Amino acid sequence: LWLAACGLLAPFVHNNRLNAAQAQMSDQSSPEAASADSPAAEERSPLAPLSSGGVGGNSTASNVAQDDPEFEVEVAVDERESWGTKIDFLLSIIGFAVDLANVWRFPYLCYKYGGGAFLLPYFLMNIFQAVPLFYMELVLGQVNQHGPIRVWDICPLARGIGLAQNLMTYLVAFYYNVIIAWCFLFLFNSFSTTTLPWMKCDNAFNTEWCVTVEQYKNLTMQNRSAKYVLASEEFFERGVLAIHESVGLSNLGQPRLLLVICCMIVFTCLYFSLWKGVKTSGKVVYITATMPYILLSILLVNGARLPGASKGIKYFINPDLSKLNSIDPWIEAAIQVFYSTGAGFGVHLSYASYSRPKNNCYRDCLITAAANAAASFLAGFVVFSYLGYMSEITGKPVDQVTAEGPGLVFQVYPIAIGTLPVAPLWSILFFSLLITLGLDSAMGGMECLLTGVGDLIEKPLRRYKNVREIFTVCVIVFAFFMSIFLCTQGGMYIWNLLNNFSAGLSIIVVAFSQAIAVSWFYGLDQFCKDIKDNLGFSPGIFWRLCWKFISPVFILVIIVFNIVILMDSSSFLYFYKYTEYHPELFANRTEGNNYFYFYPTGGKLIGWGICAIQLGMIPALAVYAIVSYKSLAKAITPIRDHRLVDSGHVTRYTIRHWLSLGPMDTFPLDLIHRAWSKRRHGNKSNANASEAEDGDGNHKASESYPMTGSSKVVDEDG
């Protein structure tokens with residue numbers, strides 16, 4: 001409700017500023033103010049006229065404004081914090097893009113869908129879907145110099161997108177930071193001079209079916225390992241989570257003190273990384289964004305030397321093209337690259353809003369995409385080298401020791417590390433890797449909210465000191481208290497629910513809406529011109545086609561499949577699968593060792609409600625914009641051009657606006673434009689020549705000059 005209120009007030013906050021600027025301009029237009037020596041003239045310097053170029057200008061509207069003084073509008077240039085250096089910004093977007101999913105999801109998908117064959121849909125989805133939307137988001141933030149809410153001053157109809165992004169990133173913060181807390185707990189347990197705690201079965205929470213690695217290998221050789229469970233699996237579910245002490249959402253149990261302390265550490269780190277804005281977070285990423293590559297390289301060198309490593313890597317890269325015959329790997333690839341780059345969350349937009357308008361964000365986009373793909377491949381080799389080793393020491397095939405998500409990094413991988421010489425050292429390195437991967441992504445999510453809402457409250461509260469610090473404290477503390485629910489004995493049920501619904505269908509619909517709002521409502525004519533005015537070059541035809549057609553179509557297909565999954569009552573969205581048998585929760589063991597907690601109707605309603613609230617903001621704010629402005633034209637026109645709409649000049653009501661692929665200044669549009677102009681000029685010249693001759697074929701010299709002048713105008717205007 002608080003975020004929605006901020007969004008509803010945004011148009012009035014902006015209009016008040018614009019009216020104040022126009023009033024000041026009117027005062028300065030008097031003869032006294034026009035004097036160069038007058039104080040008013042000196043005060044006018046912070047104001048810049050709205051032109052066809054520059055930040056977020058509108059070409060058609062601005063040309064009219066330049067031709068007619070009545071429409072001249074001047075807006076104040078806000079002072080905005082910026083990154084200390086360009087490398088600060090680059091490392092920040094790389095740090096957000098490269099997160100835990102690169103380690104625990106991409107390698108598993110490669111194994112599941114044909115190994116190296118999965119790289120084909122992965123690269124195609126990257127090229128045609130993820131990278132174009134990523135590029136769009138960087139440009140949108142950098143050119144307009146606003147966060148995810150105020151940036152939609154370019155199209156008030158779409159302001160709900162920014163609110164949905166802010167709410168989504170905040171909901172993700174509730175459970176994502178709990179993952180980092182698990183990593184801290186494992187890290188602290190790694191400082192052991194003896195055996196790592198997840199390598200033994202003498203803990204109070206262990207059951208009679210717990211076995212060590214050596215015992216499990218012997219049981220596997222005797223075909224008796226089916227009902228037994230490795231010590232690491234019990235350590236995570238029973239030792240860390242204590243999920244066996246909660247029957248479900250109806251009885252979450254008490255908070256786990258150690259988890260709460262670890263959560264407090266995570267949120268404390270986040271606060272001191274964010275409290276001063278990008279000036280501080282831009283320095284933290286020098287560690288959190290670069291350390292994962294160093295640690296992955298160290299772990300890979302060690303993993304490649306282990307027995308069985310080649311077997312695991314073979315499973316990872318061995319191509320099986322038959323797996324690509326179904327739609328599943330293509331959908332999974334589309335979803336993976338979508339979440340991996342982070343497009344649609346509004347984080348990259350927020351980060352880019354602190355860049356200089358002339359920064360080459362196109363280069364940063366390509367570097368980040370390459371770094372993200374490299375991290376995924378490197379993590380795949382690391383993970384599967386250790387899984388091959390795990391297969392060797394347990395006697396089980398690689399496909400039976402492979403897992404996805406938290407099960408991979410908190411159950412399978414730790415026990416593989418625990419069998420190595422100097423196991424605590426490798427454990428410390430691995431969980432430090434996970435912490436650095438998680439922290440910079442968590443920082444990005446929080447910064448999105450701080451920037452989005454901060455743009456609205458910073459000006460009214462500027463007279464107060466330490467506004468940013470106090471606002472950051474409020475956001476961090478509230479998120480911490482919400483995360484305590486996930487630190488209870490039944491917290492994993494809530495974690496799974498939030499993981500399935502807070503950024504599932506929501507992020508896909510938000511990204512689709514963002515692509516449509518920019519490429520169709522704002523228009524590629526203006527968007528491409530913004531890029532050229534600020535970056536110095538115009539985007540190619542590939543980017544324009546992706547923005548307007550290809551990427552939205554790809555996302556729309558994913559949305560349809562997600563809705564189908566959402567409507568399936570047996571979908572994975574509606575249950576939590578335990579990794580082992582808990583006698584406290586189940587009376588008898590099942591033959592397949594599959595144990596589930598199915599969410600009750602109340603749990604499903606919570607999940608649907610989380611999704612509906614986020615998605616509902618988009619149409620709700622769109623309707624509100626139309627009603628508040630009493631005009632659809634104003635709702636889809638940048639606020640800076642509303643006076644032009646009042647005069648009847650509505651560029652959004654032209655066919656060209658909706659069908660255009662942007663200015664005709666890139667191949668092959670420039671060739672088409674030249675050919676069309678040449679043909680038109682030739683036809684016009686022939687017509688002029690015919691009119692300039694009398695009945696005897698003599699030229700009418702007196703009429704030839706006006707036509708020549710007209711031809712010149714056609715040449716200039718194209």
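Just after helix H16, Gly342 takes a positive phi of about 85 degrees. Helices here are DSSP runs of H or I, at least four residues, numbered from the N terminus. This is a predicted model, where local features need pLDDT of at least 70, side-chain atom pairs count only at pLDDT 80 or more, and totals for chains, interfaces and linings use all residues. Residues are numbered from 1 along each chain as its sequence is written, and side-chain values use heavy atoms, leaving out hydrogens and water.

Back to H16, residues 328–341. How far apart are its end C-alpha atoms? They are 20 Å apart, which agrees with the 20 Å that its 14 residues should span at 1.5 Å a residue; the expected span is 1.5 Å times one less than the number of residues. Eleven of the 14 residues are buried, meaning under 20% relative accessible area with a 1.4 Å probe, protein chains only. Among them are Ile331, Glu332 and Phe338.

Next, the core. The largest nonpolar core has 213 residues. Such a core is a set of buried Ala, Val, Leu, Ile, Met, Phe, Trp, Tyr and Cys residues joined through side-chain atoms within 4.5 Å. Its largest share, 22 residues, comes from helix H9 (residues 159–190). Met446 is one of the residues with the most contacts inside this core.

Last, Leu556 sits in helix H25 (residues 541–567). Leu556 counts as partly exposed because its relative accessibility is 42%, between the 20% and 50% limits.

Methods:
Helix = DSSP H or I, 4+ residues; strand = E, 2+ residues; numbered from the N terminus.
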